[in-house]
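Please consider the structure shown below.

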Amino acid sequence: MSARIIDGKAIAAELRAKVAAEVTRLSTQHGVTPGLAVVLAGNNPASESYVGSKAKATKEAGMTSFDHRLPDSVSQAELMALVNKLNADPAVHGILVQLPLPQQIDAQQVLDAVDPTKDVDGFHPVNAGRLASGLPALVPCTPLGCVLLAKTVHPSLAGLDAVVIGRSNIVGKPLALLLLQKDATVTICHSKSRDLEKIAASADILVAAVGKAKLITGRMVKPGACVIDVGVNRLTDGSLAGDVDFAAASEIAGWITPVPGGVGPMTIAMLLENRVRAASAVK
Ligand code: NAP
């Protein structure tokens, strides 16, 4: 193995310590304690686990966590009423609606109802539009974390060739926009892209956000590239793997993120930072 590991866990821990210091400052100087409301409907085990980790990290950073658990049978009207109540609550600076929502719910309508200034997930169309226009916005946490990881390798991304594989609204698209803002030359690939191998192999920064284990082979990695693996895939033996064939890619890349311990911890750290930003805006 020649690639150096980008230790997302350690970088996220540093960030979380900075966030905790900012929480103390907001609290002592302005009497504001950032609060996050998490809305969880139904009993999806993966969602339960994500919400649990977010609540734990929230409390560790000195913030307040408000948990709202709703039954799988919740109605659209009940969910909308809760979101409206949280929008109006001054103790709530961030609202996170855990996806997926039960099948009878129109998830987009719920996400659109969140006050954009409390949208710490950065999923609201107002924030997506502001990001696309280069205006200050609350930006989705995973792409923010990916850019920070890439910047630990290349403090300036200007002029570098970045290839993002995946074009979802929560990872691929906002990440491509963030990389463009940092003056990288960005290519976005998706399931219809032709010659993925050739495009990927041209990247100084290669990000995989697909959800298919080992999609990215060693042949798709440029020698010395910085490889960021967003994918989280559960293998048949119960273990977790990214989208990148880690063993093969590590032989060729210059830097690589592991799964777990790469992008995942950064997502939670960036969520905390987004919340502090939302709380600072109202102090
Ligand atoms: P998604 O909404 O399912 O999007 C997947 C993207 O991959 C789509 O744009 C799709 O293309 C593209 N794709 C599918 N097959 C492909 C192929 N063979 N070649 C090239 N592109 C292909 O997924 P997501 O929400 O962005 O998440 C992606 C992965 O990241 C998942 O494993 C998810 O669990 C993980 N994730 C991790 C974190 C974290 O904190 N670590 C956070 C969020 C997501 P089309 O648009 O053409 O369908």
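How many bridges join strand β2 to β4? In this predicted model, four bridges link the two strands, which run parallel, and β2 spans residues 35-41.

Three strands form an open sheet in the order β3-β2-β4, and their pairing is parallel. Because β3 (64-70) and β4 (94-97) each have a single partner strand, they stand at the edges, and one side of each is left without a neighbour in the sheet. On average, neighbouring strands of this sheet are turned by 15 degrees against each other, with direction ignored. As a general principle, strands of a sheet pair through backbone hydrogen bonds, in either a parallel or an antiparallel manner.

A helix accompanies the sheet. Helix α2, formed by residues 45-60, lies across β2, β3 and β4. The direction of helix α2 is at about 160 degrees to that of β3.

How many cavities of 30 Å³ or more does the count give? The count comes to one, and the largest cavity has a volume of about 50 Å³. Which residues line the largest cavity? Its lining consists of Ile 95, Val 97, Leu 111, Val 114, Asp 119, Asp 121, Phe 123 and His 124.

Definitions and conventions
Residues numbered from 1 in each chain as written. Predicted model: local features only at pLDDT ≥ 70, side-chain atom pairs only at ≥ 80, totals over all residues. Heavy atoms only, no water. Pairing = 2+ DSSP bridges. Axes fitted to C-alpha atoms, helices over the stretch in contact; angles between N-to-C directions. Contact = heavy atoms within 4.5 Å. 1 Å grid on protein atoms, 1.4 Å probe; cavity = no way out; pocket = protein on both sides within 12 Å on 5 of 7 lines; lining within 4 Å. Points joined across faces, edges and corners; volume = space filled by probe spheres on them.
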